[in-house]
Amino acid sequence: MGTFLGYRCSMCGAEYDPDAVTYTCPVDGGNLDITLDYERIRDRTKLSDLMASTESSIWRYLPLLPVDDPGHLDTPLRAVGWTPLFAPSRLAEELGLSNLWLKDDGRNPTASFKDRASAVVVARAQAIGAEVVVTASTGNAGAALAGMAAAVGMPAVILAPQTAPQAKVAQLLIFGARVFLIEGSYDQAFDLTLEAAEAFGWYCRNTGYNPFTAEGKKTAAFEICEQLTRAEGMVREPPLQWETPDVVFVSVGDGNIISGLHKGFKDLYELGWIGRVPRLYGVQSHGSAAIYNAFTSGTEEIKPVKAQTLADSISVDLPRDGLRAVRAATETGGAFLAVQDEDILEAVRELAQKAAVFAEPAGAASYAGLIRALSDGHVGPMENIVVLNTGSGLKDVNAAMKAAGEAIIIEPKLEALEKALL
Ligand SMILES: *Cc1c(COP(=O)(O)O)cnc(C)c1O
Ligand SMILES: [Zn+2]
């Protein structure tokens, strides 16, 4: 370790040593940012060392993470991240954009962005000798934790709303976690998880509560900059700095992914490895828009809503990382946008049919946000734009069927096919 300095509260600014606190600020319950010794990192690691790494996972950024090498070479912990960043030319052409990039985080071991967080949380759980890990989840965080825990043989307990899509529940079960479906909302599962962790001494991964989730999620920011640099052919000589996009679009529920991305870009900026931080755009569904509401009324105070959206992964009454999420947009010159569920379904279709990316609704919401941002003049056609897909469409096939419609059933005869083709 040696570069993990401790924590700083996002509300009151109080600082804590690495082992002084576990989750949130004891004074005000604020989320904790992890602080790193940038000088020491700079002394030990050069950008060219990182670029020479042969590790195709988040662990290529180990010098920037507050955990030791978990060392599980043959487990899915090793396969998290380093997801493809590519230029979807058909989509770009249709939208008249010259620098559009898609990063597909549906291609993680458990098929969502949450693997980044869960891998780092499990590494932390091992470092502090935790015996059982627990999380509340709309589905993906749980699947990721269950998968990572299975990889290292650590028991996991997952609490999810009863309404979670079946494929996500199947993932929880098949990874061998103890699964409890709550007769209630994600928010109720969240609160129960905190009580249970306290009562039973479990290590809690809850999003917007455990400070290590954002540290895992920040690796996507590192990848975006490094992959853009590679894509633009800057690898001949060691670059002094990495490229940065102008804008990043990401869907938002609790607000921890956007906060994690912000932390990642800030880390790189503090290290002098990028020259500026991109504008971050958070996209919510109108049916679950607590952070959007705060942003548009110019406050950092998050008021709960009664969430209802088909994008289940971003269906949250009270976002647990709302404050830092609002700041991710305001401090970078980005914004929060809200889109309708129909726009999200349209985005699922567009991504699949024009870029061959099959996203779950929450994953495609970021793309729906780009469409909104273009029509509202938030971004220009020459800007370098990254859209993040956060989850695979196979997670929620019912939603996909809503977007795609039904298949036609025919008799196994040519005439029947001919007739149906009309
Ligand atoms: C969790 C999740 C999000 C939102 O992340 P938050 O940290 O809750 O804002 C978006 N998309 C998918 C697929 C997710 O699983
Ligand atoms: Zn505090």
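Visitor: Which helices each supply at least two residues of the lining of the largest cavity?

Guide: Helix 5 and helix 10 (256-270) do. Helices here are DSSP runs of H or I, at least four residues, and strands are runs of E, at least two, numbered from the N terminus. This is a predicted model, where local features need pLDDT of at least 70, side-chain atom pairs count only at pLDDT 80 or more, and totals for chains, interfaces and linings use all residues. Residues are numbered from 1 along each chain as written, chains are lettered from A and ligands numbered from 1 in written order, and side-chain values use heavy atoms, without hydrogens and water.

Visitor: How many cavities of 30 Å³ or more does a search of the whole structure find?

Guide: A cavity is a set of points, on a 1 Å grid over the protein atoms alone, where a 1.4 Å probe fits but cannot get out; lining residues have an atom within 4 Å of a point. Points join across faces, edges and corners, and volume is the space filled by probe spheres set on them. The search finds two of 30 Å³ or more.

Visitor: Which residues lie nearest the centre of the largest cavity?

Guide: Lys114, Gly253, Ile257, Ser313 and Ile314, out of 25 lining residues. By class, that lining has nine nonpolar, twelve polar and four charged residues. Nonpolar covers Ala, Val, Leu, Ile, Met, Phe, Trp, Tyr, Cys and Pro; charged covers Asp, Glu, Lys and Arg; the others, Gly among them, are polar.

Visitor: What lines the second largest cavity?

Guide: Leu32, Asp33, Ile34, Pro211, Ala214, Glu215, Ser259, Lys263 and Arg324 line this space. Strand 3 (32-36), helix 8 (212-217) and helix 10 each give two or more of them. Strand 3 has the largest share, three residues. The classes are four nonpolar, one polar and four charged. The volume is about 30 Å³.

Visitor: At what angle do helix 4 and helix 5 pack?

Guide: Helix 4 (residues 114-127) meets helix 5 (residues 140-152) at about 45°, with axes 8 Å apart. Axes are lines fitted to C-alpha atoms over the stretch in contact, and angles run from 0 to 180 degrees between N-to-C directions. So helix 4 is oblique to helix 5 (under 35 degrees is roughly parallel, over 145 roughly antiparallel, 65 to 115 roughly perpendicular, the rest oblique).

Visitor: Which residues make the contact?

Guide: From helix 4 come Lys114, Asp115, Ser118, Ala119, Val122 and Gln126. Helix 5 gives Asn140, Ala141, Ala144, Leu145, Met148, Ala149 and Val152 (contact is heavy atoms within 4.5 Å). By class, the contact has eight nonpolar, three polar and two charged residues.

Technical notes: 1 Å grid on protein atoms, 1.4 Å probe; cavity = no way out; pocket = protein on both sides within 12 Å on 5 of 7 lines; lining within 4 Å.
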